Each structure stands twice: as structure tokens, then as C-alpha cells.
Amino acid sequence: MSDVMMRLAGLTKTYLKGKPGEVQVLRGVDLDLRAGEAVALVAPSGAGKSTLLHIAGLLDTPDTGSVEIAGQNVTGKGDRTRTALRRQDVGFVYQFHHLLPEFTALENITLPQLANGVSEKAAQERAMSLLDHVGVAARADHRPAALSGGEQQRVAFCRALANKPRVLLADEPTGNLDPETSDQVFDALMALVRDEGLSALIATHNMQLAARMDRTLRLDGGALRPVE
Ligand SMILES: Nc1ncnc2c1ncn2[C@@H]1O[C@H](COP(=O)(O)OP(=O)(O)OP(=O)(O)O)[C@@H](O)[C@H]1O
Ligand SMILES: [Mg+2]
């Protein structure tokens, strides 16, 4: 059995193909993300980190190349299969929390589970245990607007992991926070990743945060290269 949790092979992506302003963002991205491995993705602004993460997270499609998650090749699969796989196997975290404003922290984490057929009791238990893990259990009944930026992001991590995905993709998850908060919130994210046994690909501009992961890859000229 292979221990590769997510395999990206030969991904290419060009925006505005054939038009003025055409941008070749990805020119052949290959990555084997192993089970339980956390990989940092670094690159200057505009190099294509978000593009790559969206394709890996099945939120966008590449021009060519393939995405394989947990041994299942997603290339060419219909929308329904992609959506199901995304819901089940992939957690996504953005720079901004994107929590639903009219629901409490707890509800934001139970709702995706209910949509997946989990019972209300089990969903709440899972949500509380996740919130506890990242140190915001006492804020469970607050709406996002009543939470600090760091707390909002911690809740967003819990929501991304609510349905026990195997892969976590994060796009500058602490990029909106001040350096000290960013450090603490990042620690909480890494603790979750490790304890849940996730494979993670995390984009960051912060080399110190990158150094806390298992290895670092730089997106350079549309391809991934190891950073020593
Ligand atoms: N929908 C789109 N249409 C046209 N060009 C796009 C589109 N989305 C992204 N681009 C371009 O593709 C390039 C890569 O963008 P992307 O957002 O992936 O970079 P990034 O590495 O995430 O940058 P940042 O660090 O600023 O978030 C940029 O030049 C961007 O302008
Ligand atoms: Mg980006």
C-alpha cells in the first residue's frame, strides 16, 4: 500500500489563455503528500499558491494534470463526485475565516456534519472536542462577530476538520493576524493536524512557521522545488 495521501501530477493552469494578459501560473506541479506529513508551501505573492491549493482542494480544475486523493483519481470526475470527495476528504482553511455570521461558533462546526448525515448529538460532541482542543470551548455560543481574529481562525480550523478529512489545505491561515497571535494560532493548527493524523499543505509567507512543518516547497516558475 502506498502511503501517499494526495498526489498532484503534471498540473498546469493558465489564466486568460490566448488572450492579452495571459498568465501561465502552473507549468507542471508534482507533489506526493504522504500520510501524516505537513508540508509548507512558500512563494512570493502572485506566484500561484492559491491557484495550486484551489486545484488540490477540488475547488478549481487544472488545464492538464491530475489530482489523486487517498488513492482515488479525481481527474475527469463529474461535479457530484468531486463535491462528495471534497466534503469527505478535504478540509480547507482560508486567510479569512468565512464563518457564517448568523450562527454560533458551535453551530458553524456542527452544520457541515449534519449535512453529512451525522447525528446532532455526535456533531455537537465532535464540535466541542475540537473547540476544546484549540482553546476556545468557552466561546462556543458566541457568534463570529463576538470573537477575536485569532479565535475566529481557531473556529475556522475546527470547522474545516469537522467531518474528519484526511487532507488539510490552508491558504495563509494566519496571514491576517499580528505576529504573536499568528504564532499561537499556528501552534493550535499544528497540534490539530498532528493529533488528527492529517496530511497538510499549508501556504505561508512566514519562514519561521514553515520551519515547524516537515518540509518546505517553493513554488517557483510554476513548479515546486524543495527548500533546504
Ligand atoms: N481568475 C483569474 N483570472 C486571471 N488571472 C488570475 C485569476 N486568478 C489568479 N490570477 C493570476 O494568477 C497569478 C497567481 O495568483 P494566485 O492568487 O494563485 O497567487 P498567490 O501566490 O496565491 O498570491 P498571494 O500570495 O498574493 O495570495 C496572479 O498573477 C494572479 O493575478
Ligand atoms: Mg494567495
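Buried means under 20% relative accessible area, exposed over 50%, and partly exposed in between, with a 1.4 Å probe and protein chains only. Helices (H or I, at least four residues) and strands (E, at least two) are DSSP runs, numbered from the N terminus. This is a predicted model, in which local features need pLDDT of at least 70 and side-chain atom pairs count only at pLDDT 80 or more, while totals for chains, interfaces and linings use all residues. Residues are numbered from 1 along each chain as its sequence is written, chains are lettered from A and ligands numbered from 1 in the order in which they are written, and side-chain values use heavy atoms, leaving out hydrogens and water.

**View 1**
Helix H4 covers residues 120-133, 14 residues in total. From its first C-alpha to its last, H4 reaches 20 Å, close to the 20 Å expected at 1.5 Å a residue; the expected span is 1.5 Å times one less than the number of residues. Ala-123, Arg-126, Ala-127, Leu-130 and Leu-131 are the buried residues of H4. They line one face of the helix, because seen down the axis of H4 they fall within an arc of 130°. The arc is that of the directions from the helix axis to the C-beta atoms. An α-helix has 3.6 residues a turn, so residues three or four places apart point the same way. The face turned away from the buried side of H4 carries exposed Lys-121 and Asp-132. The buried residues of H4 pack against helix H3 (105-115), helix H5 (149-161) and helix H6 (179-195); contact means heavy atoms within 4.5 Å. Gly-135, with a positive phi near 80°, follows H4.

**View 1. The four-stranded sheet.**
Four strands form an open sheet in the order S2-S1-S4-S5, with antiparallel pairing. Strand S2 (23-34) and strand S5 (72-73) are the edge strands, each pairing on one side only. Two strands pair if DSSP finds at least two bridges between them. Strand S1 (residues 4-15) runs antiparallel to S2, and nine bridges join them. Met-6 stands opposite Leu-33 in S2. Helix H1 (residues 49-56) lies across S1, S2 and strand S4 (64-69), at about 125° to S1. Axes are lines fitted to C-alpha atoms, for helices over the stretch in contact, and angles run from 0 to 180 degrees between N-to-C directions.

**View 2. Ala-9 in strand S1.**
Ala-9 sits in strand S1. Ala-9 counts as partly exposed, at 28% relative accessibility. Not counting residues up to four places away in sequence, Ala-9 touches Val-29, Asp-30, Gly-65 and Ser-66. Gly-78 is 69 residues from Ala-9 along the chain, and 19 Å separates their C-alpha atoms.

**View 3. The six-stranded sheet.**
Six strands make an open sheet with the order S6-S7-S8-S3-S9-S10 and mixed pairing. Its edge strands, each pairing on one side only, are strand S6 (90-93) and strand S10 (223-227). Neighbouring strands of this sheet are turned by 20° against each other on average, direction ignored. Strand S3 (residues 38-42) and S8 run parallel, joined by four bridges. Ala-38 has Ala-200 as its bridge partner in S8. Helix H1 lies across S3, S6, S7, S8, strand S9 (215-220) and S10, running at about 155° to S7. H5 lies across S6 and S7, at about 165° to S6.

**View 4. The surroundings of Ser-199.**
Ser-199 belongs to strand S8 (residues 199-203). Ser-199 is buried, with a relative accessible area of 1%. A polar atom of the Ser-199 side chain lies 3.1 Å from the backbone oxygen of Arg-34. The backbone nitrogen of Gly-36 also lies 3.1 Å from a polar atom of that side chain, in Ser-199. Leaving aside neighbours within four places in sequence, the contacts of Ser-199 include Met-5, Leu-33, Ala-35, Glu-37, Arg-166, Val-167 and Leu-168.

Leu-16 is not a glycine, yet its phi is positive, about 55°. Leu-16 lies in the loop between S1 and S2 and is partly exposed at 45% relative accessibility. Glu-172, also not a glycine, has a positive phi of about 50°. Glu-172 is in the loop between strand S7 (167-171) and H6. Glu-172 counts as buried, at 16% relative accessibility.

Methods. A polar contact is a pair of N or O atoms within 3.5 Å; within protein, one must be able to donate a hydrogen and the other to accept it, and residues adjacent in sequence count only if both atoms are side-chain atoms.
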